Amino acid sequence: YDHTMPDCAEDSDCDDCADGVGCTGQCHWGKCDGWVTNQMLNGERYAIPTGWELVKQGEVSSGDAVAQDRDNIKLYKLVATNECVFTFEGSNIEKHGGRIYDLGRFALPGARDMVTWCGKDNLHRGTKDELWTVMHSAAYEDFKPELATCHKVTCAGHSLGGALCDMWTHLANNGVEDSTDTDCWTKLAWW
């Protein structure tokens, strides 16, 4: 897997990058931006380093008639060591109001309040609400058996996905274990 971005002419469109996959991004500082996303759209195998496999992917849907949110979660595994990387998607910018829905989790009244959840105080309500939606989804439930096979689990995400990773790993590593907590603990735990 080549981590370098394709070269391009400054301020040009990157419709056909050097890697032959194609880009829809713009050229900035002589490099195409957005090329990894387009490689991923044209096949996950282009963005996975040797030895790693995409073993599970799912979509969490939520929202209402005004704005729907579709969040992708994925699990990658390094086959040789059975180490895994669980990923959360960042804020959506696609159609159906995904960005409006995601940003509403942070901008609407009360969204920035600090709440208690899973036995932990001072959690950001917007991040908690987004993580709650993921953890209560059928997609996340389907991930639990595969997560349980991992020797080690690392979480990765960008922007909102990074905030979700922070809270998810914080709760997994420091949460108050309570088998009767059907709102949090039993939804989170995979081990």
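Guide: Let's start with β6 and β7, which form a hairpin with two residues between them. In this predicted model, Cys-118 in the turn has a positive phi of about 55 degrees.

Visitor: What makes β6 and β7 paired strands?

Guide: Pairing takes at least two bridges, and three bridges join β6 (residues 114-117) to β7 (residues 120-124). The two therefore count as paired, and they run antiparallel. Val-115, for instance, stands opposite Leu-123 in β7.

Visitor: Which strands make up the open sheet, and in what order?

Guide: Four strands, in the order β3-β4-β5-β8, with mixed pairing. From one strand to the next the twist averages 20 degrees.

Visitor: Why are β3 and β8 said to stand at the edges?

Guide: β3 (52-63) and β8 (152-157) each have a single partner strand, so one side of each is left without a neighbour in the sheet.

Visitor: How do you know that β5 and β8 pair?

Guide: The cut-off is again at least two bridges; six bridges join β5 to β8, so they qualify as a pair. These two strands run parallel. Thr-87, which lies in β5 (residues 83-88), has Ala-156 in β8 as its bridge partner.

Visitor: Is Thr-87 called buried or exposed, and why?

Guide: Buried means under 20% relative accessible area. Thr-87 has 16% relative accessibility, so it counts as buried. Leaving aside neighbours within four places in sequence, Thr-87 is in contact with Asn-72, Ile-73, Lys-74, Tyr-76 and Ala-156.

Visitor: What lies across β5 and β8?

Guide: Helix α5 does, running at about 150 degrees to β8. Among the buried residues of α5 are Leu-160, Cys-165 and Ala-172.

Visitor: How do you know that the length of α5 agrees with what a helix should span?

Guide: At 1.5 Å a residue, the 15 residues of α5 (residues 160-174) should span 21 Å. The end C-alpha atoms of α5 are 21 Å apart, so the two values agree.

Visitor: Why are α3 and α5 called roughly perpendicular?

Guide: α3 (residues 125-135) and α5 pack at an angle of about 80 degrees, with their axes 10 Å apart. Angles of 65 to 115 degrees count as roughly perpendicular, and the helices are therefore given that label. The contact is made by Thr-127, Lys-128, Glu-130 and Leu-131 of α3 with Leu-160, Ala-163, Leu-164, Met-167, Trp-168 and Leu-171 of α5. By class, that contact has seven nonpolar, one polar and two charged residues.

Key. Residues are numbered from 1 along each chain as its sequence is written. This is a predicted model: local features need pLDDT of at least 70, side-chain atom pairs count only at pLDDT 80 or more; totals for chains, interfaces and linings use all residues. Side-chain values use heavy atoms; hydrogens and water are left out. The expected span of a helix is 1.5 Å times one less than its number of residues. Buried means under 20% relative accessible area, exposed over 50%, partly exposed in between (1.4 Å probe, protein chains only). Contact means heavy atoms within 4.5 Å. Axes are lines fitted to C-alpha atoms, for helices over the stretch in contact, and angles run from 0 to 180 degrees between N-to-C directions. Angles under 35 degrees count as roughly parallel, over 145 as roughly antiparallel, 65 to 115 as roughly perpendicular and the rest as oblique. Ala, Val, Leu, Ile, Met, Phe, Trp, Tyr, Cys and Pro count as nonpolar, Asp, Glu, Lys and Arg as charged, and the others, Gly among them, as polar.
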